[in-house]
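Let's take a walk through a protein model together. Keep the structure open beside you and look up each residue as it comes along.

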Amino acid sequence: MKKLFTTLLLVVLGVSVKAQELNGSYSGELAVQGMQLELIFNISPTEDGYTATLDVPAQGASGIEMDSVILQNDSLTIKSAKMKMKFTGKINGDNIEGTYEQMGQNLPLNLKKTVKKKPGNTSLPSSEEELKKLAAKETGDYKYSVEDYFQTPQTYGFQLSPDGNHIAYMKRRDSGERDLYIMDTETKKESLLKKQEEDLIRGFDWANNNRILYVQDKGGDENYHVYGVDLNGENDKELTPFEGVRVSILESLKEDKDHVIVQMNKDNLQQEEPYLLNINTGEVTKLYTVKEGEPPVAGYDFDRKGNLRAISHIVDGVNTEVSYKIDGEFKQVKLTEFGDNFGIYSFNPSSDNPDEAYVVSNLEGDKTEIQLYDLKKNKKIKTVFSNDTFDVSGMSLSRKRNYEIDYFSYTGEKTKIIPVSDTYKKIYNRLEKEFGEKQFFTVGRTDDESKYMVAVTSDKIVGEYYLYDVEKDTVSLLYKLLPHLKAEDMASMKPITFKSRDGLTLHGYITLPHNYEEGKQVPLVVNPHGGPQGIRDNWGFNPEAQLFASRGYATLHVNFRISGGYGKEFLKAGFGEIGRKAMDDVEDGVDYVIEQGYVDKDRVAIYGGSHGGYAVLRGMTKTPEKYACGVDYVGVSNLNTFMETIPPYWEKYRELLYKIWYNPGIPEEKVIMDEISPALHVDKIKNPLFVVQGANDPRVNINEADQIVETLRAKGVEVPYMVKYDEGHGFGKEENRLDLYKAMMGFFAEHLKN
């Protein structure tokens with residue numbers, strides 16, 4: 001029975017035999033596993049019959065196209081081969097009484113004609129005309145437009161093929177859509193490989209020299225599917241046609257050109273499991289089954305040959321157990337509480353000891369370091385790299401040179417690369433001569449390591465891509481992202497350090513307008529980051545901060561307690577403090593830049609997305625006098641309803657969510673949740689608020705935004721409210737992003753400028 005609904009969701013088209021008129025949406029509830037699941041069939045007449053699509057609102061799925069719709073007299077049959085389903089029914093006026101068949105199960109399903117509804121309260125969003133009027137309030141004459149900062153680059157997302165003969169990348173059409181292209185590195189000839197249709201290509205990767213894998217979801221619902229296409233455009237097919245299932249690629253297998261390892265929640269919506277996926281045929285072989293009663297799995301570790309060597313379980317909802325396969329059985333190596341860190345970075349094929357691995361661990365101190373570890377003996381061999389102030393974030397091994405360590409990396413005020421091998425030291429020194437003080441990273445290389453792709457950036461450069469030929473010792477420019485944004489016109493991002501009110505050392509960044517005059521007090525936009533746990537703001541080009549700077553606003557980023565990269569004590573200091581001490585840190589950052597004389601204290605705005613959106617709402621109810629206005633972008637407004645609407649693939653993290661945020665089952669914490677849920681304290685909001693939401697957001701349900709808007713409107717407060725019905729958790733489509741920033745600039749112009 002469980003399999004019946006893990007396969008409910010996605011594509012194929014319709015053919016039919018027309019008999020009488022059917023037109024519209026027909027809704028019914030299917031009784032399964034003790035719950036009622038709504039299905040909506042949307043039936044449309046065509047010249048030679050009918051087509052139909054299926055919506056499953058509980059799974060965030062809509063527009064699933066059916067193979068065929070056959071209507072003979074009053075008998076209706078709708079089929080989908082990929083879903084292995086069939087609905088048959090008898091039409092009686094606006095009702096269809098029938099049976100739903102799938103995966104060998106037959107269940108009664110009676111449909112009734114209905115009016116298809118969009119998510120949320122559709123009476124609340126501001127009209128297009130109202131939002132255009134808001135955008136028009138930005139009237140200044142500026143060198144760069146919103147489009148200049150936020151249009152999709154003409155080309156981006158570059159990836160070098162394993163043999164170095166081609167580069168794959170996304171390319172923008174004049175109308176804003178983004179297609180997948182390849183270019184021959186010798187001839188520079190480019191060709192269209194995959195055209196974007198309704199849904200965005202969310203990512204892609206080289207599977208081998210002749211085939212590319214790409215990922216799409218439906219309307220931002222985050223149920224990602226994997227597709228594959230050959231370099232000649234042939235064999236373009238969906239490889240994971242499992243409806244309602246979220247797929248991600250775990251391992252690309254260099255030793256196996258025909259397979260990758262993916263994980264998906266195909267057999268259990270709440271648990272991802274690993275599969276070997278044939279990239280040509282789509283054949284899948286399950287590699288591990290999480291048995292009933294077994295603790296949920298958070299991660300799998302495979303060696304380079306595709307052998308499952310270790311599993312990380314979530315124990316008691318909050319602890320992580322790392323189990324390593326010894327003599328055919330998985331045995332516990334470590335049991336850590338959340339915030340403590342022990343994870344396998346890479347097995348060490350260069351060693352004669354098959355149990356050696358590089359691990360990231362903070363069990364011996366506050367900061368995460370990289371160790372060489374014997375997993376069978378459960379013993380550290382040695383620490384290979386650490387930093388006293390910041391967590392180590394990564395390392396690189398050379399496959400060509402028997403997995404020699406090339407470099408380590410960590411993020412402090414800026415990202416730092418530490419070359420290790422003699423070979424990479426030469427490469428790094430050569431590139432340092434080329435690029436000087438700019439940040440540069442080798443982001444791709446050929447299998448024979450004769451060519452490297454290099455990304456170059458800074459706080460004033462969006463990004464530049466170069467190809468470094470080791471043998472020829474030549475560095476050649478491939479592409480510049482948004483080259484019309486001249487570095488000399490961009491603002492500087494300055495690292496700052498200050499103390500919180502309770503004595504913690506806090507780090508962040510202030511971006512002041514270009515040609516800022518010392519002593520001048522300018523308006524400020526404080527921008528708390530999302531997450532919030534383990535995420536942090538970094539130094540580099542930030543298009544939002546640059547847009548704000550171009551309009552005369554400073555931007556403040558604060559890495560408040562619970563942010564990542566500063567050690568486990570700093571991370572844990574934020575547990576159970578979201579909306580409280582974590583919010584105090586943001587406020588302390590605002591006070592600090594005011595004290596430095598940068599900012600006009602009466603013209604401070606707060607803007608953020610996801611947790612940052614929550615911080616906007618919390619800030620405007622906690623210290624309403626501090627913020628002249630706020631912009632909430634896909635933010636949580638009510639911790640109680642947020643906890644009730646998490647997506648199924650988050651369910652295994654529920655106890656962790658409670659530990660990081662608050663547990664509604666504990667009376668004392670439920671009181672805190674009510675105290676810091678902005679939707680329950682709307683009366684405290686004194687200044688203007690702009691709310692922005694993606695209708696299909698699976699993480700922060702549209703109800704979170706609706707609650708705030710509806711309550712404020714009931715109090716007579718005018719609240720601009722932008723909803724995009726083809727977006728999820730954040731806007732992926734260019735036209736929607738442009739609408740957002742234009743309206744935001746109008747909103748800030750109205751409320752921040754004298």
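Predicted model: local features only at pLDDT ≥ 70, side-chain atom pairs only at ≥ 80, totals over all residues.

Let's talk about charges first. Side chains of opposite charge can pair when their charged atoms come close. In this structure, there are 49 salt bridges, and we'll visit a few of them.

Start with D489 and K143, whose side chains form a salt bridge with 2.7 Å from N to O. Where do D489 and K143 lie? D489 is in the loop between β37 (474-480) and β38, while K143 is in the loop between α2 (128-135) and α3 (146-150), so this pair ties together parts that are 346 residues apart in sequence. How open to the outside are they? D489 has a relative accessible area of 22%, so it is partly exposed, since that label covers the range between 20% and 50%. K143 reaches 63% relative accessibility, and because exposed means over 50%, K143 counts as exposed.

Next, find K171 and E190, another salt bridge, this time at 2.3 Å from N to O. K171 belongs to strand β12 (residues 166-172) and E190 to strand β14 (residues 190-194), so the pair links distant parts of the chain, 19 residues apart. Both ends count as partly exposed: K171 has 22% relative accessibility, and E190 has 31%.

The side chains of R401 and E449 meet in a salt bridge at 3.2 Å, N to O. R401 sits in the loop between β31 (392-398) and β32 (404-411), and E449 in the loop between β34 (439-445) and β35 (451-457); the two are 48 residues apart. Are R401 and E449 buried or exposed? Both are buried, which means that each has under 20% relative accessible area.

How many cavities of 30 Å³ or more does the structure hold? There are 3, and the largest cavity has about 50 Å³ of space. Its lining includes F390, E413, H507 and R536. Two strands, β38 (493-499) and β39 (505-511), each supply at least two of the lining residues. Sorted by class, the lining of the largest cavity has 5 nonpolar, 4 polar and 2 charged residues.

Key
Residues numbered from 1 in each chain as written. Heavy atoms only, no water. 1 Å grid on protein atoms, 1.4 Å probe; cavity = no way out; pocket = protein on both sides within 12 Å on 5 of 7 lines; lining within 4 Å. Points joined across faces, edges and corners; volume = space filled by probe spheres on them. Helix = DSSP H or I, 4+ residues; strand = E, 2+ residues; numbered from the N terminus. Nonpolar A, V, L, I, M, F, W, Y, C, P; charged D, E, K, R; others polar. Salt bridge = Lys/Arg side-chain N within 4 Å of Asp/Glu carboxyl O. Buried < 20%, exposed > 50% of the residue type's maximum accessible area, 1.4 Å probe, protein only.
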